[in-house]
Amino acid sequence: MGAIIALHSYKGGTGKTILSVNLAEILKERGKGVCLLDFDFRAPSLHVLFKVDSAKYWLNDFLEGKCSVQDFLIDASKHMTSPEGKLFVGLANPSSDAIRKMSAKSRRWEIRALGRLLSLRSPLFDDMKLDYLIIDTSPGLQYSSINAIVSSDVALVVATTEASDIDGTRRMIHELYELFDRRTEIVLNKVPIEMLTSEKKKRNFLKKFNNLYNIPTMGIIPCFCDVLAAGGTYIFAKEKPEHPFTEILNELTLKIESRFLPPIERLSDPELLRRYRETFLKKVTGIYMVDGESCQ
Ligand SMILES: Nc1ncnc2c1ncn2[C@@H]1O[C@H](COP(=O)(O)OP(=O)(O)OP(=O)(O)O)[C@@H](O)[C@H]1O
Ligand SMILES: [Mg+2]
């Protein structure tokens, strides 16, 4: 039985995409079956890394109900070094037209899209026998990101040490994540190395963030110039397996493997979906949406 992991953040640029891709790559190299979805319909990016310009079907089409799982998933396991690992990728349509259309979707559409997302469990985990679905989301409180969080078994919130990110992340955890009762952990990324130069500094750093967010910290990743210099042109963990960035991500995947299988709960359960609708519509839209659009 597989697990769904959503990577999310309050602010943009915290490292969700790079972490999603590299975690997927490392799990695949360990022989796991992984599906990676680009749920950042606002600014798709995985098509660049996987060098796909055009496609008959995108993840957007699946969420629209226009195609099946097999139609939009791309097998990225080519040139595999591990005998059993698999990596499938579902890409968001990067055309301006598609981006505009996705940002104009109604709440009703988003709820149907959630149903489509939840329906992926069976083909991915039961039929294709994959172990993980990793979802790279948009930052902030986009509906698509909320859908990804709701359908996940665990949400990883990727945060930096910037004051505005800390403030927003803290509020987001208390005001949004707590509504969904989702298992959530923080990954602190791009941490200035000066904050981590001794064991004592590291301990104080961890204590500070544990107190701030009141949820577990899964990992602390320093800011590495090498990662920045790679510019998202290749999968870092694949090209630089000995680099400390890759080593830290190796540790993260071990934590993921030991903690999150089997899944904590199954949201394909209609009762949970009903709960989602109620919570989502009454509370979250009440808090974050003010356009008064009816969802019934
Ligand atoms: N630990 C790190 N050290 C140095 N650079 C990093 C690190 N993590 C991420 N970056 C860089 O930060 C930039 C943003 O990363 P990425 O695109 O993964 O963020 P994101 O959260 O997906 O952004 P968005 O919210 O726009 O989707 C990239 O240039 C990436 O290489
Ligand atoms: Mg991204």
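## Burial and overall make-up

Of the 296 residues of the chain, 39% count as buried. A residue is buried if 20 or more other C-beta atoms lie within 10 Å of its own, exposed if 12 or fewer, and partly exposed in between, with C-beta atoms placed from the backbone. This is a predicted model: local features need pLDDT of at least 70, side-chain atom pairs count only at pLDDT 80 or more, and totals for chains, interfaces and linings use all residues. Residues are numbered from 1 along each chain as its sequence is written, while chains are lettered from A and ligands numbered from 1 in the order in which they are written.

The chain has 14 helices and eight strands. Helices (H or I, at least four residues) and strands (E, at least two) are DSSP runs, numbered from the N terminus. Of the contacts in the chain with a separation of 6 or more, 79% link residues 24 or more positions apart. Here, two residues are in contact if their C-beta atoms, placed from the backbone, lie within 7 Å.

## The nonpolar core

The largest nonpolar core holds 73 residues. Such a core is a set of buried Ala, Val, Leu, Ile, Met, Phe, Trp, Tyr and Cys residues joined through C-beta atoms within 7 Å. I5, V34, C35, L36, L133, I134 and I135 touch the most other members. The largest share of this core comes from α1, which gives seven residues.

V34 shows what such a position looks like. Leaving out residues up to four places away in sequence, V34 touches A24, L27, K28, K86, L87, L130, D131, Y132 and I134.

Strand β2 covers residues 33-39, and seven of its seven residues are buried. In a regular strand the side chains alternate between the two faces of the sheet. In β2, G33, C35, L37 and F39 point one way. V34, L36 and D38 point the other way, and all are buried.

Two strands pair if DSSP finds at least two bridges between them. β2 and β4 (residues 86-90) pair in the parallel sense over five bridges. There, V34 has L87 as its bridge partner. Six bridges join β2 to β5 (residues 132-137), again in parallel.

## Strand β6, covered on both faces

Six of the six residues of β6 are buried, so this strand is largely enclosed by the rest of the structure. V154, L156 and V158 lie on one side. A155, V157 and A159 lie on the other, and both faces are covered.

Strand β1 (residues 3-8) runs parallel to β6 and is joined to it by four bridges.

β6, helix α9 (residues 163-180) and β7 make a right-handed β-α-β unit. A crossover is right-handed if, with the strands pointing away from the viewer, the path from the first strand over the helix to the second runs clockwise. β7, helix α10 (residues 199-213) and β8 make another right-handed β-α-β unit.

β7 and β8 (residues 217-222) pair in the parallel sense over four bridges. V191 stands opposite P222 in β8.

## Two positive phi angles

K190 is found in strand β7. Its phi is positive, about 60 degrees, although K190 is not a glycine. K190 is partly exposed, with 19 other C-beta atoms within 10 Å.

N214 lies in the loop between α10 and β8. Phi of N214 is near 60 degrees, again positive in a residue other than glycine. N214 is exposed, with 12 other C-beta atoms within 10 Å.

## Around ligand 1

There are 19 residues around ligand 1, and G12, G15, K16, T17 and I18 come nearest. A residue is near a molecule or strand if its C-beta atom, placed from the backbone, lies within 6 Å of it. α1 (16-29), β7 (183-191) and α11 (225-230) each supply at least two residues of this shell. α1 gives the most, with three residues.

The shell divides into eight nonpolar, eight polar and three charged residues. Ala, Val, Leu, Ile, Met, Phe, Trp, Tyr, Cys and Pro count as nonpolar, Asp, Glu, Lys and Arg as charged, and the others, Gly among them, as polar.
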